[in-house]
Amino acid sequence: MWKPSERIKYVATTDRWPTAGEAMRSHLFSPVKIGSTELTQRTWIPAMVPWRSNEDGEVTDDVIDWYSRFAQGKPGAIVIEATGIRDIPSGPLLRISNDSYIEGLRRLVDAVRVASDGQTKLYIQLIDFLSIRRRPDPEKYFTRFLNITAEHRNALSMTGAPEADVRDALALLSDEEQERVLTVREFEALRFGYRERVTDVELPEIAELPTTLPALFAQAAARAKSAGFDGIELHYAHAYTMSSFLSATNDRQDGYGGTRENRIRLPLEVFQAVRDRVGDEFPVGCRFLSDEIIGDGSHLDDALFFGVEFARVGMDFLSLSRGGKFDDAKPPKVGWAAYPYTGQSGYECMPSYISDAQGPFERNVEPVAAIRGAVRNAGFSIPVVVAGGIYSYEQAERLLCDDKADIIGFARQALADPDWFEKVRQGYGDKVMVCRYSNYCEGLDQKHKQVTCELWDRKELDGDNVVLASDGKRRLTAPAWTPSPD
Ligand SMILES: Cc1cc2nc3c(=O)[nH]c(=O)nc-3n(C[C@H](O)[C@H](O)[C@H](O)COP(=O)(O)O)c2cc1C
Ligand code: SF4
């Protein structure tokens, strides 16, 4: 992963945890409305893909165990990982792409209700993503995948030569020469693997996204509602389709690209289709970026506009992330797909303990506060969720008291210690296992390995009912915690 050049090392520390009484009187442990429903506390576990599903995208026992473990900590809300809305194989990522998925998702909802004693609201993040292929073996790329064109022949002065000879000649070129002879997209396909973009409007399925996506999201939302979820989070963040429509890099000429008004058009149409399908009472919000952190991408001024418009059309919450783009990702190894968290934008999405003078904590807070301010100034009161490097009660309570956000997201901190919420609420904050921001978990995600945390995955491996990862070396969920004064 990209790291700032300063390479300053930080340790997440906190001076003080609250007593149970203090926690009870705090902002953090006070309720907050999300549309027609209410969270019992202002804590939120943002979506995190743990690679626990199977090749069919189903809810497995490991998925149930993973979310039940979070639910035992009784946070205000959990957002189930990015879940695919299209009925196409997409590896072990959860899917909600036809009605056969409803039963498994209902089991998941029931398990979370039981494990949290009904304290935790459960949302599901709905995602669409475009096709991405693995980085090809260069030999195969030149002998099979690349379409030989007149431009290649001209550049090599091989106009009448047999195609096989042109392929051989291309394969023998140096990296620099290949970059010169191939088109930008061909060279990218060689170095990163082929990746579709929302601007590839010459492809019929890409041109038609504004027609196809609203119905796909709406059908998935209806399934989530019938599975018993408490609401929907539309994934408009990071490297995926909807975020790419919002991006300043989207220059589609069909009324869905270019100006901010055009770029937000499909996200608003998707929301409207979802709203029409699930009704006004069912909470629907979205996750989007306070900044894409890529040179020609969207920045805070775009996000201020998007936030106000999302509020204006009646979204029930806004959750903010930042970065996480393919545009500045590092080339993957041959046989691997590009991972959108390897460049600077990836760093801003999940900052690690090796950082710059600003440090890895709360980097998203001021942009989120600005977006919340714009939404409030426009006359809307919907709750805003902040996440990014927040691990302590002191931080969370301060951000709420200072009106920076309405709900606090703890992603890696909840992964490090799913009992954070109960420990702090009951006055056992000193027992919290504080996240190191090592990004060991994120490294597992990058390799599509079952995600665990280094703070607990080797502990008590021989305990009762411990389920191990497929490598046989790590437990899949954190050991249980029971309150005790020592
Ligand atoms: C293993 C892992 C998987 C993630 N998967 C998702 C995801 O599915 N959807 C999403 O919006 N963010 C995802 N994220 C980003 C987190 O939700 C969160 O925004 C980020 O980790 C920063 O918050 P934190 O500092 O509290 O961890 C993931 C993060 C991690 C570590
Ligand atoms: S592995 Fe654990 S300690 Fe390291 S960043 Fe992830 S959650 Fe935090």
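This is a predicted model: local features need pLDDT of at least 70, side-chain atom pairs count only at pLDDT 80 or more; totals for chains, interfaces and linings use all residues.
Two residues are taken to be in contact if their C-beta atoms, placed from the backbone, lie within 7 Å.

The domain assignment of the protein gives two parts. Domain 1 covers 8-132 together with 198-446, and domain 2 covers 138-192. Taken over C-alpha atoms, the centres of domain 1 and domain 2 are separated by 41 Å.

The helix packing may be considered next. Two packed helices are described by the angle between their axes and the distance between the axes. Helix α10 (residues 209-227) and helix α13 (residues 265-278) pack at an angle of about 35 degrees, and their axes are 8 Å apart. The crossing in which α10 passes α13 is right-handed. On the side of α10, the contact is formed by Pro 210, Leu 213, Pro 214, Ala 215, Phe 217, Ala 218, Ala 221, Ala 222 and Lys 225. These residues meet Leu 266, Glu 269, Val 270, Ala 273, Val 274, Asp 276, Arg 277 and Val 278 in α13. By class, the contact of α10 with α13 comprises 13 nonpolar and four charged residues, with no polar residue.

Helix α10 also packs with helix α3 (residues 102-115); the axes of the two helices come within 8 Å and cross at roughly 50 degrees. With this angle, α3 is therefore oblique to α10. The crossing of α3 and α10 is right-handed. Ile 102, Leu 105, Arg 106 and Val 109 represent α3 in the contact, while α10 contributes Arg 223, Ser 226 and Ala 227. The residues of this contact of α3 with α10 are four nonpolar, one polar and two charged.

A further pair is formed by helix α14 (residues 300-312) and helix α16 (residues 365-377), which pack at an angle of about 45 degrees with their axes 9 Å apart. The angle makes α14 oblique to α16. The crossing of α14 and α16 is right-handed. From α14, the residues Leu 300, Ala 303, Leu 304, Gly 307, Val 308 and Ala 311 meet Pro 367, Ala 370, Ile 371, Ala 374 and Val 375 of α16. The contact of α14 with α16 has 10 nonpolar residues, one polar residue and no charged residue.

The surroundings of the ligands complete the description. Ligand 1 is surrounded by 25 residues, of which Pro 46, Ala 47, Ala 82, Ala 411 and Arg 412 are the closest. Two or more residues of this shell come from each of β5 (77-84), α18 (412-416) and α20 (440-446). The largest share of the shell around ligand 1 is that of α20, with three residues. By class, the shell around ligand 1 consists of 14 nonpolar, six polar and five charged residues.

Around ligand 2 there are 13 residues, and Cys 435, Ser 438, Tyr 440, Cys 441 and Cys 453 come nearest. Helices α18 and α20 each supply at least two residues of the shell around ligand 2. Here the largest share, three residues, comes from α18. The shell around ligand 2 divides into eight nonpolar, two polar and three charged residues.

Terms used:
Residues are numbered from 1 along each chain as its sequence is written. Chains are lettered from A and ligands numbered from 1 in the order in which they are written. A residue is near a molecule or strand if its C-beta atom, placed from the backbone, lies within 6 Å of it. Helices (H or I, at least four residues) and strands (E, at least two) are DSSP runs, numbered from the N terminus. Ala, Val, Leu, Ile, Met, Phe, Trp, Tyr, Cys and Pro count as nonpolar, Asp, Glu, Lys and Arg as charged, and the others, Gly among them, as polar. Domain bounds come from an automatic or database domain assignment. Axes are lines fitted to C-alpha atoms, for helices over the stretch in contact, and angles run from 0 to 180 degrees between N-to-C directions. Angles under 35 degrees count as roughly parallel, over 145 as roughly antiparallel, 65 to 115 as roughly perpendicular and the rest as oblique. A crossing is left-handed if the near helix is turned anticlockwise from the far one by less than a right angle, and right-handed if clockwise.
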